[in-house]
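Hello,

Here is the structure I promised to pass on to you. Have a look at it first, and then read my notes below.

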Amino acid sequence: MTFRKGTYMNYLAQIEALLFVAGEEGLSLRHLARMVNLTPTALQQQLEKLAKKYESDETSSLCLIETAGCYKIVTKEIFADLLRDFAKAPVNQSLSRASLEVLSIIAYKQPITRIEVDDIRGVNSSSAISKLMALGLIREAGKKEVIGRPNLYATTDYFLDFMGINDLSELIDVSNIELVDEEMTLFDQADFSEEAAELAKNDEMV
């Protein structure tokens with residue numbers, strides 16, 4: 001099935017897709033209205049429908065919230081304990097290459113917004129950022145004073161601890177990093193893929 005922007009039958013799907021990609025930064029009512037070609041009033045009605053859809057669906061872990069004028073798709077409060085346990089899990093579990101790329105970029109270019117990370121990688125990084133936040137490797141570091149005031153991200157003190165360094169100036173030299181296959185374990189490797197570090201390094205030259 002092909003969806004077309006602005007058709008009544010897929011407004012909810014369009015809104016859901018946009019909010020999913022926006023991640024924890026969310027989208028304002030005005031921005032959403034412009035993207036789906038609806039008036040703010042009509043969009044508000046669609047958002048209420050989406051919220052009720054999530055609320056009534058016991059098989060869904062998601063809900064729609066509004067904070068600081070932005071709408072976001074988040075997990076339901078009932079899953080808080082489950083997600084808290086996940087966040088406390090040992091960090092020496094394998095991270096995907098995508099997560100390691102994002103961690104590398106944030107470490108070398110912090111503070112940085114998710115959109116800026118996306119620009120460097122060329123793909124959306126919302127999922128990787130959420131996982132790194134849950135593991136305590138990165139944190140929100142304020143807002144960038146631009147339109148939309150997106151979140152800034154930086155590494156945590158915990159990141160320094162398991163890397164075995166006192167401050168960010170001791171980060172390993174890019175030239176000494178070895179590329180590994182598929183997945184790497186943070187405690188087993190120097191923890192930065194050569195590709196990701198080069199992405200961050202090359203971006204500074206642009």
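Predicted model: local features only at pLDDT ≥ 70, side-chain atom pairs only at ≥ 80, totals over all residues.

With a relative accessibility of 48%, Thr39 counts as partly exposed, since the exposed class begins only over 50%. The C-alpha atom of Thr39 is 9.5 Å from that of Leu29, although the two are 10 residues apart along the chain.

Asn37 lies in the loop between H2 and H3 as well. Asn37 has a positive phi of about 60° without being a glycine, and its relative accessibility of 58% makes it exposed.

On the H2 side the contact involves Leu29, Leu32, Ala33 and Val36, which meet Pro40, Leu43, Gln44 and Leu47 of H3. By class, this contact of H2 with H3 has seven nonpolar residues, one polar and no charged.

There is another helix pair to look at. H5 (residues 97-109) and H7 (residues 126-134) have axes that come within 9 Å and cross at roughly 75°, which makes H5 roughly perpendicular to H7. Ala98, Ser99, Val102 and Leu103 of H5 make the contact with Ala128, Ile129, Lys131 and Leu132 of H7. Here the contact divides into six nonpolar residues, one polar and one charged.

Next, helix H1. It runs over residues 11-22 and spans 16 Å from first C-alpha to last, close to the 16 Å expected for its 12 residues. Which residues of H1 are buried? They are Tyr11, Gln14, Ile15, Leu19 and Ala22. These cover an arc of only 125° around the axis, so they lie on the same side of H1. Just after H1 comes Gly23, with a positive phi of about 65°.

Gln110 and Pro111 are joined by a cis peptide bond, with omega about -5°; Pro111 is in the loop between H5 and strand E5 (112-113). Ala68, in the loop between strands E2 (62-67) and E3 (70-75), is a residue other than glycine with a positive phi, near 50°. At 83% relative accessibility, Ala68 counts as exposed.

Best wishes

Key. Residues numbered from 1 in each chain as written. Heavy atoms only, no water. Helix = DSSP H or I, 4+ residues; strand = E, 2+ residues; numbered from the N terminus. Expected span 1.5 Å × (residues − 1). Buried < 20%, exposed > 50% of the residue type's maximum accessible area, 1.4 Å probe, protein only. Arc of directions from axis to C-beta. Contact = heavy atoms within 4.5 Å. Nonpolar A, V, L, I, M, F, W, Y, C, P; charged D, E, K, R; others polar. Axes fitted to C-alpha atoms, helices over the stretch in contact; angles between N-to-C directions. Parallel < 35°, antiparallel > 145°, perpendicular 65-115°, else oblique.
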